[in-house]
Amino acid sequence: MAESAATPAESRPPGTAGTAVEKPPAGEETREWEPVIVGFLCNWCSYAGADSAGTARMVHPTNVRIVRVPCSGRVNPRFVLRAFQRGADGVLISGCHPGDCHYSTGNFYARRRLLLLKGYLEYLGIDPRRFRTHWVSASEGQKWAEVVRSMCEEVKALGPAPSLGNLV
Amino acid sequence: MPNNPTLDKNMTETETALRREAARLLSQGEVAVFLGHEEGWDGVPVPFAASTAAEAGRLVWNPLSAPHLAKYLLDRLEGDEKVGIVVNGCGSLALDRILKDRRFPRERLHVVGIPCSGMLDPARVAALSDEERERVLKDGPVDPGLFLDRCSWCDVPNPVVSDTLLSEPLPVVRHRPEYPRVAELEAMDREERAEYLRGLYERCIRCFACRNVCPACNCRECCLDQWEPLWLGRATSPAEQQMFHFIRAFDVAGRCIRCGECERVCSVGLPLMELNDKFLKDITELFGVERPHIPADVEPLGCFEPGDPDLEDHG
């Protein structure tokens, strides 16, 4: 299963291609490919931040599938690799600003782990631009919208993530 | 900076001293069992647990006594009998790993230490012709390439944990660890590297020998064996193998002692340290830990600095 980065979305196995559709419904033949981004958001800051972006009706892309976690420290690095293996085009982890963790230090530990993970994903052949970590507080709806918009644009430009040889 | 491993000329005397010491500990009841090596069927020492003074006579110590023994302590967690164990420099790092992870009580141990200037790689020696092998094992000279990889960078010749030392400590020259294989891989094109690693995963038969031998892989219950949650799918696919090696390497990141036992026991000869070394290298570069393979009271991923590099700057 040795596909290159330029694998077209259509050639991927069903279920891994997110919003890409093999046969567009009538009248929508030219529908654009949209990346799937998995977002792990800390319950106390970023999830609330995303919520405030929503309640303020800020327009931002809907490509991020949000998984709510108690803390960025809850994100096991395996989650990230698994997301990529199962067809994510990007993974976004977002938590409280360093120093503002609800559990005091969770995001500091997470930062060390995720720094290592970042280097390792590139080592494994995953473009580092597909994996981002941001600190978004509960009041930073604006920043959340900004983060999502910029990441979405970047991943879109990169195209579908190369397959990691998963069976599913 | 490379090390120049040599063979200890006095190994026969050390072996005699080891047998004597083990026999003494066993006969005086100081330990109930003594972990060492005995001669294996092909002349390569294999782990062995002596439980009587007579059995201590079967213990060997020679240039092929490479297998680490600390992991076998986990089979003896039950009960409160004392256990004797023989370690050289790197063997003591493995033991220290188990102790620092609080997986075995120090007070139940009697550690016999042997300063070590180098050990041969049994697989490389096995590949030699019979007479060549005999010459090497008798009195050298030995091609540096026959030593275990870990000996070429080792700067811990003397056991860091011991109750008895069987010979005089050796002089120590400290040097910064280097990771030439990782640097080589990092210099590759990303696609090319991904392709190379895919080939590696495809060869893996998931025998778990690397996990079983690793002194840092010492959890009570291994996540790779769990059904719930199912961290690792049972299907054989490059992705599952990638996940397996990712979990294995990440879970020992910051605790890996760089002994390379995983690589030595790999049944399909995978260069597994290329995965572990990447973490060691990054830990030094990101968190300033100079010698991350030496067990410390607080491991690099078990602590943090408020001034650690920030992730947002990384894009």
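A:R82 and B:E240 form a salt bridge, with their closest N and O atoms 3.0 Å apart; the term stands for a side-chain nitrogen of Lys or Arg within 4 Å of a carboxyl oxygen of Asp or Glu. Across the interface of chain A and chain B the rule finds 7 salt bridges. The model is predicted: local features need pLDDT of at least 70 and side-chain atom pairs count only at pLDDT 80 or more, while totals for chains, interfaces and linings use all residues. Residues are numbered from 1 along each chain as its sequence is written, chains are lettered from A and ligands numbered from 1 in the order in which they are written, and side-chain values use heavy atoms, with hydrogens and water left out.

**Interface of chain A and chain B**

- Contact (heavy atoms within 4.5 Å) involves 44 residues of chain A and 52 residues of chain B.
- The two chains bury about 4,300 Å² between them, 61% of it on carbon and sulfur atoms; buried area is the accessible area (1.4 Å probe) that two parts lose on being put together, summed over both.
- A:R78, A:R112 and A:Y123 supply 24% of the area that chain A buries against chain B, more than any other three residues.
- There are 17 residue pairs in polar contact between the chains, both residues at pLDDT 80 or more; such a contact is a pair of N or O atoms within 3.5 Å, and within protein one must be able to donate a hydrogen and the other to accept it, with residues adjacent in sequence counting only if both atoms are side-chain atoms.

**Chain A side**

- At least two residues each come from α2 (77–85), α3 (106–124) and β4 (131–135) of chain A; helices (H or I, at least four residues) and strands (E, at least two) are DSSP runs, numbered from the N terminus.
- α3(A) gives the most to this side, with 15 residues.

**Domains of chain B**

- An automatic or database domain assignment gives domain 1 (11–165) and domain 2 (180–314) of chain B.
- Their centres, taken over C-alpha atoms, are 26 Å apart.
- In contact are 21 residues of domain 1 and 25 residues of domain 2.
- Domain 1 and domain 2 of chain B bury about 1,900 Å² between them, 51% of it on carbon and sulfur atoms.
- On the domain 1 side, B:K71, B:R97 and B:W153 lose the most area to domain 2, together 34% of what that side buries.
- The domains share 4 salt bridges.
- B:D155 forms a salt bridge with B:R291, the closest N and O atoms being 2.7 Å apart.
- Helix α2 (residues 89–100) of chain B gives the most to the side of domain 1 that touches domain 2, with 7 residues.
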